[in-house]
Structure formats: C-alpha cells, structure tokens
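Hi there,

Have a look at the model first, and then read on.

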Amino acid sequence: MTDDLADGRRWDEEHDVVVVGSGGGGLTAAWTAARAGLDVLLLEAAPLFGGTTSYSGGGMWFPGNRVLRDAGVGGTAAETGAYFRAVVGDRTPYDVQTAFLEGGAALVDDLLTDDDIELEPFPWPDYYGTVPGAQTVGQVRALPLDPAELGPLADAVRPPLKTDRAGQPRPVPLAGGQALIGRLLLSLSRRPNVTLRTEAPCLDLVADGGVVGVVTDGGRIRARRGVILASGGFEQNADMRQEHGVPGSVSGAMGPSTNTGVPIRAAIARGAATDLMDQAWWAPGIAHPDGTTSFSLWFTGGIFVDAAGRRFVNESLPYDRIGRAVIDAQRDGSVGATYWMVYDDREGAVPPVRSTTLPLAPHEEYVAAGLWRSADTLAGLADLIGVPPANLEETVGRFNEHAAGGHDPDLGRGDEMYDRAFSGGDSPLVPIEKGPFHAAAFGLSDLGTKGGLRTDPDARVLDRAGQPIPGLYATGNTMAAVSGTTYPAGGNPIAASMVFGHLAARHLSS
C-alpha cells in the first residue's frame, strides 16, 4: 500500500490502468493497454464478463477495414465515411466522428495481429439505405469459438438473453457477441500483466488533481496512468431515466441489470460534461405477460396501427427508426404506451415476428393478459383494441391494395434494402385478408441508453468547460455516442465502443 493522496487517504491496490466494464469496449481497452506492457486491472460489476455486447449479434461496423477489403465488400473508407457523416450530421463533434471513422480500420489491423482474434464479413444492410454510401455488407464479426479453448473462462462469458433471462440452454459454440467477448478474454487470459475481476462494481472515482483511481467494495484502487470507464449506460436505473427524460422504462430495457449508471454519476460529480442523456438505441418491443417488452425484429407480416386505427410507420424499417417513430407518435398523442400489430391468420394466431429476443410464453398467457386478441372480422378486432372499426377496415383495405401492387406509397415499406432483408429480397408487403384477424400488443424497448460523458477524439472525458479531466476516459454507452441521435448501421455501437476503448488505451500508454 502507498500513501500518495494529499489528504492522507491510503490505497488498497494499484495498477497502471483500471478499466471499468467488460463489454467490447472495455475488453478492447484492456487488450490494447496490456499489449503496450501496462499493468491492467479490469473490473466487471456483474458475475459474468461481456456486458451488453454478449447479448448482441456481435457485428462491428468499421468503415474500410481490411477484412471487408480482402473480401471485396463494404465500400471504401471514403464512401462509408461520407455515409456516416450524412446520417449523423453535425449533432456530434466532427473531430470525434473522424476519430471513429479513421480508428476502426487501424483497430482491425491491430486485432488481426493476434492469433486469438479471427474476424469475417457479416452481411447486414446499413440502416439508411437511400443515403449514398450505404452498404449491404458493412460489418465484421468474430468467428465462433469452441468453449474448450477458453477453459474455465467459458462459463464466465455472459450468455445470450434467452439463456441469461429465460433459462434456455447455453448455446455451443460461442457465437455472435459471445464469440467476440470470448476471443478477447482468451487473449487477455494469456497475459500475466492483466487481472480480470467480476462482481467488482466501481462505486466512485478518486480525484486528486484529476482522476487517480476508483473505489470498489473491496477498497480504493490507484490507477497510475488512468481510468477507462466502459460500464454501459443507465437503462436499468428508473430514477436516471426519469431525470433525463429517456422514453420507455426499465421494463423494456435489454441491457444487463448492472447498467445503472453509477460510474457516469461518479464522473459527473467530478465535473464531467454530458450529452445525449435523453437518448437510447430504440426498438419496437413485443409485450409479454410479465409486464416487460423485448426488442423485436424480423416481421414477416402485420402492420402497426395508432389509436385511430391508421398505420403510422413503415413496419420493415430498422428497429431504431421504428422506435423513434413510436416515440414521435407517443409525443403527439396518436400512440399510447401500447400500440397494436394487426395481422391475419395465414401463420396462425402467434404474431409474425421471427425474433422476439426473449422466448414467448405460452399462447394462452398472452390471451389471458389481453395482449393478443382475435376476432372473426376486422370490425370486431377494432372493437377489441379500441380503434374505430371503419378506420381499421379502410387502413387494411388500402394496405392490401399496395401489397397486391408491390409498392407502399404511404410509408415506403420495401423501398430500402433493409426492408427486404428478412423477405429474401421480395416485397415485405403481406396482405391481411385471411380470418380470423389478430392483434398483438407492442411497446417501446431499448438496447441501452446512449447518452453519457462527453469526450475528445482520444476518449478523454471533458469537463463542463470543454477541457480534458486528467486520468479519465470513457467509451461505449458510458460515453455520449458518436452517432448522436441516429443508429447508422448494425454494429455501430459495438464498433464505436471498441474504437474509443482502443484510442483511450493508446493515449494513456503513450
């Protein structure tokens, strides 16, 4: 122990770098610092490593990276960079955007020097398909990993949501986000200068002319070079959501239960500036009998209707764009906390949703909870869901005409490449004509908040005067998102988290 603080407080432990959080950004920061020869301590509040990244498909959106170039896909760095800037606009600092756009390819080059890290192209369309530069294949992801390669650490990787929250068997091999987490953990586990610790929440930051350490329930830990906060957002903190006006609720949050924003609050108490605190990565969420909603996509039919029985959104848009349309409709009063997907019986009474993130409960539980309703006629269904029957009949009739013609002039469903990603390239317009007719309740879900600490291009946390706070860095959902109020492409959140974790570790290593 040392006695280095001006007020006489003592340290219980010390390292060169303390990384808080073990998602893609935290592990990348630890990996980068460890390869630079620094003594690294990684703290994870939960019992398992991986954070929100482990729940994800594991895609990473790094413009112009070598994996995509070698496969002849993905567009050039200039094309995809122009696309990103067009989508994001000037909502976030230009130099921070540049750091992300240029840092991704450099990070991939570094990752590929590690034999434990293997990446492949991942076909998934960008989320604003009409903007020049949008790609049909713009992501990479980690190759699946045999748990045997990880040994005992395999059981310490957070499994997908269906396992973590619903108790389904853990899938083998590790794939998607778990593969990325597993490969980074595998590499870190081989390094004697890395300590990995779970059930070790960061409770506060220690300041002494800058941030010099962290407080955990195990004591006070000194960080000789710096602290990198990569602890996720605050989506599981109802008070913080209300304080900052984040739409939705904890019941629709997909992030881990430990994402309560304690490190963000600690940084704010040390003078850190914030941005985008009312923002999240949104999605429509199917409503479950237990009162939760879960991130849902891959709709093979159905339309969403508002309180007037009218369509209000292109139902095949990327999930964040649908979520934002829901929020807009809730704000103007045309949609309440619950809205309805209307569909016919061609696939039976279960909603035509191929991915509900969490497994569905038995059919009768949704019926008993009033979440799934059925009637022989559209007018009868309208009465059951509280919308004007004439409006619903007119809405469905008009939609069916558009489905027959293969074009949706009202809301453009099918006009973008993502719209057709789950229909094999065919039109996603499926008529609603085979009775009985059904409706399923939906609400708002999120993949995590995206507002947090303002940073510079090196991921240094800025104070309210715009100056870096010595010794403090942030990335991931702890950092105000470089994408601002948009979600440009699948894999953008994880990629940005990794890039700024990499840049933070490089800066404090220099």
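A term to start with: a salt bridge here is a side-chain nitrogen of Lys or Arg within 4 Å of a carboxyl oxygen of Asp or Glu. By that rule, Asp446 and Arg241 form a salt bridge, with their closest N and O atoms 3.0 Å apart. As background, side chains of opposite charge can pair when their charged atoms come close.

Please keep in mind that this is a predicted model, in which local features need pLDDT of at least 70 and side-chain atom pairs count only at pLDDT 80 or more, while totals for chains, interfaces and linings use all residues. Residues are numbered from 1 along each chain as its sequence is written, and side-chain values use heavy atoms, with hydrogens and water left out.

**The two domains**

The domain assignment (bounds come from an automatic or database assignment) gives domain 1 as 13–279 + 450–508 and domain 2 as 282–446. Their C-alpha centres lie 33 Å apart. Counting contact as heavy atoms within 4.5 Å, 32 residues of domain 1 touch 25 residues of domain 2. The area buried between the domains is about 2,100 Å², and carbon and sulfur atoms give 64% of that. (Buried area is the accessible area, with a 1.4 Å probe, that two parts lose on being put together, summed over both.) Tyr127, Pro247 and Met254 supply 26% of what domain 1 buries against domain 2, more than any other three residues. The rule finds one salt bridge across this interface.

The salt-bridge count comes to 26. One of them is between Arg91 and Asp275, at 2.9 Å from N to O. Arg91 sits in the loop between H4 and H5 and Asp275 in strand E9 (residues 274–275), 184 residues apart. Helices (H or I, at least four residues) and strands (E, at least two) are DSSP runs, numbered from the N terminus.

H4 (residues 77–88) and H5 (residues 94–111) pack at about 145°, with axes 11 Å apart. Axes are lines fitted to C-alpha atoms, for helices over the stretch in contact, and angles run from 0 to 180 degrees between N-to-C directions. The contact is made by Gly81, Phe84, Arg85 and Val88 of H4 with Tyr94, Gln97, Thr98, Phe100 and Leu101 of H5.

**Backbone points to look at**

Most residues other than glycine have a negative phi, and most peptide bonds are trans. The bond from Val172 to Pro173 is cis, with omega near -5°, and Pro173 lies in the loop between H7 (161–164) and H8 (177–189). Gly435 and Pro436 are also joined by a cis peptide bond, with omega about 0°. Trp298, in strand E12 (residues 297–299), has a positive phi near 70°.

Best wishes
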